[in-house]
Amino acid sequence: MPELPEVEAARERLERLAKGKRISHVSAEEDSIVFSGVTHASFATAIEGKTVREVRRKGKQFYMVLESGPHPLFHFGMSGYSQTKGISAPTYKVPRAKSDPDEWPPKYMKTTITFADEDGTKVGEWAFCDARRLGRIKLIETEIPEEAQVLTCLGQDPLLDMISIEALATALGKRHAPIKAVLLDQNGPICGLGNWMVDEICYQSKIHPAHPSSALAPEEVTTLHTQILLVTTLAVEAKADAARFPKSWLFSARWGKGKKGKDTFVLPSGEETPLTFVTVGGRTSAVVTAVQKLPEGLSIKSRKRKATDEAAKNEGEEESSVVESKQNPMLSPHFGRKKTLPVPPDASPSKSPATKFELPSLASPTKTEPEKMARPRKSKAAKLD
């Protein structure tokens, strides 16, 4: 699923093509699911002929700021991606079949937008594609895009406007859910983080993803804040290219659930340690138990369950819960309990200072909640001449 670094890379590619250019033509496929709050034809009519001032992003959503409203907003959801004509679409860690840069319009496209200079000279074409129809295309009706409810409801963006340590501590202190669930909540204190990012942040912070947010010690919150910034910044600097991520990251190992020989992780010390997978916040979580430990009094209990949503189908069907031991009881409300018990002052071990990583340099770098899935369908496109 595209997360903040992947969406930021898409924003940068679109801005290089579109900034200062006029939208000379729009073609949009009829799709009442992907086009949200607007028809495909109305979307095309609303933006055609206008000049693009900027391309901005907040969290996992990016949008073109036009010379006048409404402004088009895009959200990849779980399976969307963008493509520029003549260039293969980027692939993520679990990629689709490589796209043909010469096939245009590309397969599964929902809209294609043609950009031109003021004199009418065509400069390029861009497409939004989504096979599973989990992405969204909307129009921001407010003249100032950032005043739209679709953006104001989001948490703070860790790349553009990182929340302060004090504000993060206050926000987490009010939430008893597992820290992973809170960080995945796009309307919580932070937006833009997704499954792999939160797994990486928790590992680098030496915090178990099921750790109750309100039970984090002050030094743990400080480390968490540092790692949110660090993981986000390095992934964005790498243009979301996994080949350029630090080799010491959990990222390269977290995709091996259920695969033979993929249940271990090599620590920076060279020691090989088990890698386990549990479900936290509805998502599969990779955990290095030698490093990420729950506070005393909490333990993980796994059970098989029937997948009830698309994320569970994608991520596996093993659900975990944290249960209290008879000694030093502590509650994580992730598990359907209302009463909050006091946290022992020594329940949260102090963490070592954050480790600084350096981005590998390559001469030629290679390139919340899921919605109901529907089958892609073929339909007529709205073309405006």
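Asp 185 has a relative accessible area of 23%, so it counts as partly exposed (buried is under 20%, exposed over 50%, and partly exposed in between, with a 1.4 Å probe and protein chains only). This is a predicted model, where local features need pLDDT of at least 70 and side-chain atom pairs pLDDT 80 or more, while totals for chains, interfaces and linings use all residues. Numbering starts from 1 along each chain as its sequence is written, and side-chain values use heavy atoms, without hydrogens or water.

**Salt bridges**

- A search of the whole structure turns up 15 salt bridges (a side-chain nitrogen of Lys or Arg within 4 Å of a carboxyl oxygen of Asp or Glu).
- Asp 185 pairs up with Arg 175, with 3.5 Å between the closest N and O atoms.
- Arg 175 is partly exposed too, at 27%.
- Asp 31 and Arg 133 form a salt bridge at 2.9 Å, N to O, and both residues are buried.
- Arg 56 meets Glu 146 at 2.7 Å, N to O; Arg 56 is partly exposed at 25%, and so is Glu 146 at 33%.
- Glu 8, Arg 11, Glu 15, Arg 57 and Asp 157 are joined in a salt-bridge network.

**Helix packing**

- Helices H1 (residues 4–18) and H7 (residues 218–237) have axes that come within 9 Å and cross at roughly 40° (helices are DSSP runs of H or I, at least four residues, numbered from the N terminus; axes are lines fitted to C-alpha atoms over the stretch in contact, with angles from 0 to 180 degrees between N-to-C directions).
- Leu 4, Pro 5 and Glu 8 of H1 make the contact with Thr 232, Ala 235 and Val 236 of H7 (heavy atoms within 4.5 Å).

Methods. Helix = DSSP H or I, 4+ residues; strand = E, 2+ residues; numbered from the N terminus.
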